[in-house]
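This report walks through one protein structure for a reader who has not seen it before. Please keep the sequence and the 3D view open while reading.

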Amino acid sequence: MKVVELLERRRKNWQELERYCARSSLGSLNTSELSRFSALYRAACADLALSNSYQLPENTVQYLHNIVGRAHNQLYRSKRLDFAAWSKMLLEDVPQRIFNDRCVQLMFCLFWGFFILSAWLAYSKTTWPDYAEQMMKAEMIEQMESSFKNPIDGSGRDGDMNLIMAAFYIRHNTGIGLQCFVWGLLVVPGLYVTIRNALLLGAAFGYMARPDVPEGANFFHFVTAHGPFELTAIVLSAGAGLRLGLAWIMPGQLTRGASLQQTGTEMMPVMCAAMIMFGLAAFIEGFLSPSAAPYWIKAAVAIISSAALAFYFIVLGFPRSLLGATR
C-alpha cells in the first residue's frame with residue numbers, strides 16, 4: 001500500500017480522535033462515544049507502532065506521537081476524589097451491609113452468648129465450682145495472676161517499648177481474627193474456634209472479676225480501654241469467614257469460584273472494618289492500657305468506643321426502609 005493511500009485512509013480516524021481529545025472532559029461522552037474514543041486511540045497506537053514499516057513521513061510520525069499522548073492523558077488521567085460517593089459508601093453502604101449480614105449476626109450472638117455464659121460460670125463458685133480451672137487450666141490462671149499482680153502504673157514502659165508492644169498486639173490480635181476468619185471457610189471449625197475463643201475470654205474475665213482474686217483490679221485496669229474494639233473485630237472476622245465458607249459450600253446458581261469471588265468482594269468492607277478495629281485496639285493496648293492513667297479515663301475510652309461502634313453499626317446500619325415504614 002502506498003503511503004499516500006495509507007494516509008488518506010487513516011487521516012479521518014486521526015482527525016476524529018483529535019476532536020475527542022479537544023474536549024475538556026470525557027465525562028460528557030456517552031457509552032458508545034467512549035467506546036469509539038478508545039477504539040480510535042488503540043488504532044492510532046498501532047499506526048504509531050508500525051510507522052517505520054509504513055514508512056510514514058517524519059512530520060506524520062510526530063503528529064501521531066502528539067495525538068496518542070493527548071488521548072492517553074484523556075483516558076487514563078486520575079479522577080477527582082468523589083467525596084459524596086465515598087461518604088455514602090462509608091456512612092451508609094458499609095454499616096448497612098454489616099448490620100444486615102446474617103453470618104455477622106449469628107457470630108455476634110454466638111460469641112457474646114458464650115462469652116457471657118462462660119464469664120458467669122467462671123465467676124460463680126456454686127453453679128460449676130471448677131469451671132474456670134477446667135476451661136483455662138491451672139497454668140493459664142497462674143500466668144494471669146502473675147502478669148497482673150502489680151498495679152498498672154506504666155513503670156518500665158517508655159515510648160519505644162509502647163510502640164513495640166503496639167506492633168506485637170497488632171500481630172497477636174489479628175492472629176486471633178485470622179484464625180476465626182480462615183477456619184470459617186470450613187464453617188464447622190470456624191464455629192468451634194469462635195466459640196472456644198469466646199469461652200476462654202469469658203472465663204478469664206469472669207475469674208478475674210471474683211472478689212477473692214486481688215489481681216482482678218489490675219486486670220480490668222489493663223483490658224477495659226481496648227476491649228470494645230478488639231472483641232468486636234473478632235466477631236466481624238468470624239462473620240466474614242463464615243460467609244465465605246457458606247459461599248463455596250452453597251454457591252447457588254454460580255460456580256464455586258465465582259461465588260467465592262462475589263462474596264469476597266461483598267465481605268471486603270467487613271474485613272476492612274475488622275482490621276481498622278484491630279489496629280485501634282492495639283494502639284490503645286500499647287499506649288493507654290499499660291499507662292498510669294486513672295481508671296476513669298480508660299473506662300471513658302471504653303464507653304466512647306462502645307458508643308461509636310453502636311452508632312456506626314446499629315444507628316447507621318439500621319435499614320432505611322424499616323425506618324421509613326415506622327414513620
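## Model and domains

The structure is a predicted model. The domain assignment of the protein chain gives two entries: domain 1 covers 3-76, and domain 2 covers 83-319. Between the C-alpha centres of domain 1 and domain 2 the distance is 56 Å.

## Salt bridges

How many salt bridges does the structure hold? There are three salt bridges. One of them joins glutamate 16 and arginine 36, with 2.8 Å between the closest N and O atoms. Glutamate 16 belongs to helix H1 (residues 3-22) and arginine 36 to helix H2 (residues 31-49), so this pair ties together parts that are 20 residues apart in sequence. Glutamate 16 counts as buried because its relative accessibility is 18%, under the 20% limit for that class. Arginine 36, at 35%, counts as partly exposed.

Another salt bridge links arginine 243 to aspartate 101, and here the closest N and O atoms are 3.2 Å apart. Arginine 243 is in helix H11 (residues 227-249), while aspartate 101 sits in the loop between helix H5 (83-100) and helix H6 (102-123), so the pair ties together parts 142 residues apart in sequence. With a relative accessible area of 22%, arginine 243 is partly exposed; aspartate 101, with 8%, is buried. A further salt bridge is formed by aspartate 212 and lysine 125, whose closest N and O atoms are 2.2 Å apart. Both residues are in loops: aspartate 212 between helix H9 (188-208) and helix H10 (215-223), and lysine 125 between H6 and helix H7 (131-147), so parts 87 residues apart in sequence are tied together. Aspartate 212 is partly exposed at 44% relative accessible area, and lysine 125 is partly exposed at 45%.

## Cysteines

How many disulfides does a search of the whole structure find? The search finds zero. Cysteine 109, for one, is in no disulfide. Its nearest cysteine sulfur belongs to cysteine 103 and is 12 Å away, whereas a disulfide requires two cysteine sulfur atoms within 2.5 Å.

Is cysteine 109 buried or exposed? Its relative accessibility is 52%, so cysteine 109 counts as exposed. Cysteine 45 has a relative accessible area of 26% and is partly exposed.

Isoleucine 170 is part of helix H8, and its relative accessibility of 30% makes it partly exposed. Residues up to four places away in sequence aside, isoleucine 170 touches Ala282 and Phe283. Isoleucine 170 and glycine 279 are separated by 109 residues in sequence, yet their C-alpha atoms are 5.9 Å apart in space.

Glutamate 230 is found in helix H11. Which residues is glutamate 230 in contact with, leaving aside its neighbours within four places in sequence? They are Asn173, Phe278, Ala281 and Glu285. Glutamate 230 is buried, with a relative accessible area of 12%.

## A nonpolar surface patch

Six residues are named in a nonpolar patch on the surface: Trp183, Leu186, Trp248, Ile249, Met250 and Leu260. Together they have about 570 Å² of accessible area.

One of these residues, tryptophan 183, lies in helix H8, which spans residues 159-184. Tryptophan 183 has 40% relative accessibility and so counts as partly exposed.

Most residues other than glycine have a negative phi. Lysine 137 has a positive value, near 70°. Lysine 137 is located in helix H7.

Valine 187 is not a glycine either, and its phi is positive at about 65°. Where is valine 187 placed? Valine 187 is in the loop between H8 and H9. With a relative accessible area of 13%, valine 187 is buried.

Terms used: Residues numbered from 1 in each chain as written. Predicted model: local features only at pLDDT ≥ 70, side-chain atom pairs only at ≥ 80, totals over all residues. Heavy atoms only, no water. Patch = residues over 30% accessible without salt bridge, like charges linked within 9 Å, V, L, I, M, F, W, Y side chains within 5 Å. Areas by Shrake-Rupley, 256 points an atom, 1.4 Å probe, with all protein chains shown as cover. Salt bridge = Lys/Arg side-chain N within 4 Å of Asp/Glu carboxyl O. Helix = DSSP H or I, 4+ residues; strand = E, 2+ residues; numbered from the N terminus. Buried < 20%, exposed > 50% of the residue type's maximum accessible area, 1.4 Å probe, protein only. Domains from an automatic or database assignment. Contact = heavy atoms within 4.5 Å.
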